[in-house]
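Visitor: I would like to go through this model with you, one topic at a time. May I start with a single residue and move on from there?

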Protein chains: 2
Amino acid sequence: MAAETRTGTGPRDRFRAQVRQEVKTAALRQLAEGGPEALSLNAIAKQLGMTGPALYRYFANRDSLLTDLVIDAYGDLASALSRTAEACTEDAVTRLTELGRAYRAWALAEPHRYRLLFRAPLQGYDAQSASLVEASQPAMTVLLDAVSALAEPDARVPEGAAAQFREWQERHGFEGVPEAVAARSTMLWAHLHGMVALEIEGNFTSMGIDPSFLYEAEVTDFVRSL
Amino acid sequence: MAAETRTGTGPRDRFRAQVRQEVKTAALRQLAEGGPEALSLNAIAKQLGMTGPALYRYFANRDSLLTDLVIDAYGDLASALSRTAEACTEDAVTRLTELGRAYRAWALAEPHRYRLLFRAPLQGYDAQSASLVEASQPAMTVLLDAVSALAEPDARVPEGAAAQFREWQERHGFEGVPEAVAARSTMLWAHLHGMVALEIEGNFTSMGIDPSFLYEAEVTDFVRSL
DNA sequence: TGTGATAGTTAGAGACTATCACGGTCGCAA
DNA sequence: TTGCGACCGTGATAGTCTCTAACTATCACA
């Protein structure tokens, strides 16, 4: 399969990597303009000055390109979050607050990529989904760390749920964290996602409301609840 | 335009209405199986025993059919919620709690329709979007009522935001409700949506976690915060 | 300098949305 | 009852898309 990513070092491999990158860039532009349905391999190829079928030398198919974009996006989100966490040298409360803001900021800056991440990550439940779940972990790690600095580790979690969280943590190497912290982190994620998802889909715009202060309230409420 | 919905009463109009309904039913089945991308007018027509172009007598185009489905779905959600609210004769706390559960239950029962509602309701910002926003109001009304029975009406809301909520309420006839209640209701909606959206996209499944207890915690936390 | 892997092309199958012109049919009014 | 007009459904067609196959040109490297 010529469409696989073999990481060689010859000039041909470097050329290959560059074209792949150009394809992805063009794809992101298309995504930003017309949504994921508008992503057309044909159009991308034309933009890069080649014919449609040439792209299949670089990506096995449309889904494969999308998967690549998703993985990149997870990486970007994670590094944006961890940069924020590291830059914030103050107390744990402001660090978590800043993290919440950074989450929204990233989503608003690149709504099409955010949508790509959390809209239907597992459309095909096959092999790829495993790598997608894998790719989503670093971002979760940042959240977990920030929450665990604040949450009381002994809050009670129903036994069944606790076991599920323990297993999940073991599977992904979050083993130092109490289940209560994992549960609270997941709820924080859900809170942030709820606001952000409604916002980027235009629900607040259509209400004529600027959700900034709602989001702020959301974050501070959560931090206070820990 | 033959594709418009003229509401006459002759036999021809009744036939027309029935075919439109059959088309929508087939569309929902397709949607449930393969997601919104899989919705194919061609396939629907074949299922109903006609050729593709015949469908254009009933719906102007693919988007028009989808818009119809969205409006129907809003109606269904609203009536599911209001049925729950009316059936619950107990105190305001359990009524709001039941409402939260009903919201999730509807979304889990028909994830494809829930997705249709909150995924990209305003893809084209033109005339249709107004009717979509209109269609989403009844469900919001139920939430507002249930929250206003509990929330303290004098909680402070930043002045700018308060003005926005006042305008929004005026536009849609929610005028009896204090702005603080509107703000809290919106946050409740965001909470519910956050959990539900993550759940129906399979994020908890891929974590191996049953989010039921998280959702319960979500709802009770919110009710307690009022 | 020759050879094999790779990049890109054209042609084409099989989907799809959507438009058009045509013929059949049904309802309704004269 | 009859005739007309509105409406339904069809086949043909344009234009889009993904993806495959066969072929050619080119480039790296031994």
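Visitor: Where is B:Ala87 found?
Guide: In this predicted model, B:Ala87 belongs to helix α3 of chain B, which covers residues 62-87.

Visitor: Is B:Ala87 buried or exposed?
Guide: B:Ala87 is exposed, because its relative accessible area is 62% and the class begins over 50%.

Visitor: And how far apart are B:Ala87 and B:Glu22 in space?
Guide: The C-alpha atoms of B:Ala87 and B:Glu22 are 31 Å apart, and 65 residues separate the two in sequence.

Visitor: Now chain A. Which helix holds A:Glu86?
Guide: A:Glu86 is in helix α3 of chain A, residues 62-87. With a relative accessibility of 64%, A:Glu86 counts as exposed.

Visitor: What about A:His112: buried or exposed?
Guide: A:His112 is buried, because its relative accessible area of 13% falls under 20%. The residue sits in helix α5 of chain A, residues 111-118.

Visitor: Which residues does A:His112 touch?
Guide: Leaving aside residues up to four places away in sequence, A:His112 touches A:Leu28, A:Leu31 and A:Ala32.

Visitor: Let us change topic to the two chains. How many residues are in contact between chain A and chain B?
Guide: There are 40 residues of chain A in contact with 40 residues of chain B.

Visitor: What area is buried there?
Guide: About 3,500 Å² is buried between chain A and chain B, and carbon and sulfur atoms give 69% of that area.

Visitor: Why quote an area at all?
Guide: The accessible area lost when the parts come together is often used to give the size of an interface.

Visitor: How many salt bridges cross the interface of chain A and chain B?
Guide: Two salt bridges are found across that interface. One of the salt bridges found in the model joins the side chains of A:Arg184 and B:Asp221, at 3.6 Å from N to O.

Visitor: Which elements of chain A give two or more residues to the side that touches chain B?
Guide: They are α7 (159-172), α8 (179-200), α9 (203-207) and α10 (212-225) of chain A. The largest share comes from α8(A), with twelve residues.

Visitor: How do the residues on that side of chain A divide?
Guide: The side of chain A that touches chain B has 23 nonpolar, nine polar and eight charged residues.

Visitor: On to the DNA. Which residues are the closest to DNA strand D?
Guide: Of the 20 residues that surround DNA strand D, the closest are A:Leu41, A:Asn42, B:Thr51, B:Arg57 and B:Tyr58. Of the atoms of DNA strand D that come within 4 Å of the protein, sugar and phosphate account for 62%.

Visitor: Which side chain lies 3.0 Å from a base oxygen of DNA strand D?
Guide: That is A:Arg12, through a polar side-chain atom. On the phosphate side, an N or O atom in the side chain of A:Tyr56 is 3.0 Å from a phosphate oxygen of DNA strand D, and for the side chain of B:Arg16 the distance to a phosphate oxygen is 3.3 Å.

Visitor: Which elements contribute there?
Guide: Two or more residues of the surface near DNA strand D come from each of α1 (11-34) and α2 (41-47) of chain A and α1 (11-34) of chain B. The most come from α1(B), which gives three residues. By class, this surface has ten nonpolar, four polar and six charged residues.

Visitor: And which residues come nearest to DNA strand C?
Guide: A:Thr51, A:Arg57, A:Tyr58, B:Leu41 and B:Asn42 come nearest, out of 18 residues around DNA strand C.

Visitor: Which atoms lie by a phosphate oxygen of DNA strand C?
Guide: Among them, a polar side-chain atom of A:Tyr58 lies 2.5 Å from a phosphate oxygen, and a polar backbone atom of B:Leu41 is 2.6 Å from one. As for the bases, an N or O atom in the side chain of B:Arg12 is 3.0 Å from a base oxygen of DNA strand C.

Terms used: Residues are numbered from 1 along each chain as its sequence is written. Chains are lettered from A and ligands numbered from 1 in the order in which they are written. This is a predicted model: local features need pLDDT of at least 70, side-chain atom pairs count only at pLDDT 80 or more; totals for chains, interfaces and linings use all residues. Side-chain values use heavy atoms; hydrogens and water are left out. Contact means heavy atoms within 4.5 Å. Buried area is the accessible area (1.4 Å probe) that two parts lose on being put together, summed over both. A salt bridge is a side-chain nitrogen of Lys or Arg within 4 Å of a carboxyl oxygen of Asp or Glu. Helices (H or I, at least four residues) and strands (E, at least two) are DSSP runs, numbered from the N terminus. Ala, Val, Leu, Ile, Met, Phe, Trp, Tyr, Cys and Pro count as nonpolar, Asp, Glu, Lys and Arg as charged, and the others, Gly among them, as polar. A residue is near a molecule or strand if one of its heavy atoms lies within 4 Å of it. A polar contact is a pair of N or O atoms within 3.5 Å; within protein, one must be able to donate a hydrogen and the other to accept it, and residues adjacent in sequence count only if both atoms are side-chain atoms. Buried means under 20% relative accessible area, exposed over 50%, partly exposed in between (1.4 Å probe, protein chains only).
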